[in-house]
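Subject: Structure handover

Hello,

Here is the structure for you to look through.

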Amino acid sequence: MNIHEYQAKEILKKFGINIPNGFVIFSPSEIEEKFRKLKTKKNVLKAQIHAGGRGKAGGIKIVSDINELKKEAKNLFGKKLVTPQTGAKGKNVKTLYVEETCNVDKEFYLSCLIDRSSSKIAFISSSEGGMDIEKVARDNPELIFKAYIDPTIGMMPYISRSIAIALKLDNSLFNPFSKLLQAMYSLFLNLDTSLIEINPLAITKKQEFIALDAKIEIEEDALFRHPDVIKLKDDSQVDPLELKAENAGVNYVKLDGDIGCLVNGAGLAMATMDIIKLYGSEPANFLDVGGGASKEKVSAAFKIILSDKNVKGILINIFGGIMRCDVLAQGVVEAAKESNLKLPLVVRLAGTNVELGKEILKKSKLKIISADNLSDAAKKIVEVTK
């Protein structure tokens, strides 16, 4: 689960990491009263969306006084920001964050994340912090330093020193930097995060570390342990279809193709998407109804696929293990009749109660194209949609 920058910074602050003084606003009317909290002449106005690249998209402004702040805030509220991470659709700005500027001496990049290849927690750092860290990683990978932590052992002092040395920090900064890394590591474990990113992490003229920007992603499967964190979710930043799927208990990710996929099992869903691409088309979504899906969940998943206007055809690929083919068939028939289905539908069923499932589909009198195997199913759906 993603959260906004201002929310991430409040969490950093709770764990003892310095952040600039600031406030969040949800409407221009809040500026007058809250502006008094700021102590610097120049301040930063930041659009709050779940995407990076806000600065280049015009979502970050330096303002010199309250009048300029009001003007820029009015321009940003309701604006659609398009960044490399939002795609062409962009994201609407409904929240702004205002914070004090800092006298910066040096900027760095610092993040903590799960490294699945090593089954460890990785700290990634660079002396080249700021907006173009992706370009640095691509063009100058030698400037990226990685340190790995075995979670069964924990954060050891030598790890902090190795990162500090890689960043060429002054010896006098080793101790406060070590405390900052330990705070990040504690946050990472306690909040069940999958990513903490501070970019840039700044050293001020007073030689103090301060997080000028922050991004935190929380592992969704662990949210049941953090009821307070769930409240931080901003539904306006989530794709409407993905939000609808989440509420229905369906694993769904919207993609840019035109063939809708309804599958049980994440691995089978990915294989289905791959074979659609192999035959020359693009999947419109990843959708896994799960191994024990009910008739209602299947019906909801089918309707979600149909809600995507880009979809030209649907491929259902079910291997009945825990999930019975007849349950899926009943859900599909109900949803198809309710929505007055007119799109091509290819169905491949195998496994538990497969014959009963096929019989239900046959009796439904829906125009269903039956397939013998996955390759046959993908070939047929690509042909009928083209």
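**Helix H11 and its surroundings**

Helix H11, residues 325-338, has 14 residues and reaches 20 Å from its first C-alpha to its last, close to the 20 Å expected at 1.5 Å a residue. The expected span of a helix is 1.5 Å times one less than its number of residues. Helices (H or I, at least four residues) and strands (E, at least two) are DSSP runs, numbered from the N terminus.

Before going on, note that this is a predicted model, in which local features need pLDDT of at least 70 and side-chain atom pairs count only at pLDDT 80 or more, while totals for chains, interfaces and linings use all residues. Residues are numbered from 1 along each chain as its sequence is written, and side-chain values use heavy atoms, with hydrogens and water left out.

How many of the 14 residues of H11 are buried? The count is 10 of the 14, so H11 is largely enclosed by the rest of the structure. Buried means under 20% relative accessible area, exposed means over 50%, and partly exposed is in between (1.4 Å probe, protein chains only). The buried residues of H11 are Cys325, Asp326, Val327, Leu328, Ala329, Gly331, Val332, Val333, Ala335 and Ala336.

What covers the buried residues of H11? The cover includes strands S14 (259-263), S16 (313-320) and S17 (345-351), together with helices H10 (295-306) and H12 (354-363). Contact here means heavy atoms within 4.5 Å.

One of these covering elements, H10, has 12 residues and reaches 17 Å from its first C-alpha to its last, close to the 16 Å expected at 1.5 Å a residue. Buried residues in H10 are Val298, Ser299, Ala301, Phe302, Ile304 and Ile305.

Strand S14 holds cysteine 261, which counts as buried at 1% relative accessibility. Leaving aside neighbours within four places in sequence, cysteine 261 is in contact with Thr272, Met273, Ile276, Pro283, Asn285, Leu287, Ile305 and Leu315. Cysteine 261 and asparagine 285 are 24 residues apart in sequence, and their C-alpha atoms are 6.2 Å apart in space.

**The whole chain**

The protein chain has 13 helices and 18 strands. Its C-alpha atoms fill a box of roughly 75 × 50 × 40 Å, taken along the principal axes. Of the 386 residues of the chain, 48% count as buried. Among contacts between residues at least 6 apart in sequence, 67% join residues at least 24 apart.

The chain exposes about 19400 Å², and carbon and sulfur atoms supply 51% of this area. Accessible areas come from the Shrake-Rupley method with a 1.4 Å probe; for residues, only the protein chains shown count as cover.

**Nonpolar cores**

In soluble globular proteins, nonpolar side chains tend to be buried together. A nonpolar core is a set of buried Ala, Val, Leu, Ile, Met, Phe, Trp, Tyr and Cys residues joined through side-chain atoms within 4.5 Å.

The largest nonpolar core has 41 residues, and those with the most contacts inside it are Leu12, Phe123, Leu169, Phe177, Met184 and Ile216. Helix H6 (residues 174-190) gives the most to this core, with eight residues. A second, separate core of 31 residues includes Leu241, Ala301, Val333 and Leu361.

Isoleucine 216 is in contact with Met1, Asn2, Ile3, Ala8, Ile11, Leu12, Leu187, Thr193, Leu195 and Ile196, leaving aside its neighbours within four places in sequence.

**Backbone exceptions**

Most residues other than glycine have a negative phi, and most peptide bonds are trans.

- H11 is followed by asparagine 340, whose phi is positive, near 55 degrees.
- Aspartate 192, in the loop between H6 and S10, has a positive phi near 55 degrees. Aspartate 192 is buried, with a relative accessible area of 17%.
- Asparagine 353, in the loop between S17 and H12, also has a positive phi near 55 degrees. Asparagine 353 is partly exposed, at 35% relative accessible area.
- The peptide bond from asparagine 199 to proline 200 is cis, with omega near 10 degrees. Proline 200 is found in strand S10.

Strand S10 (residues 193-204) also contains threonine 204, which is buried with a relative accessible area of 10%. Not counting residues up to four places away in sequence, threonine 204 touches Asn103, Val104, Asp105 and Ile210.

Regards
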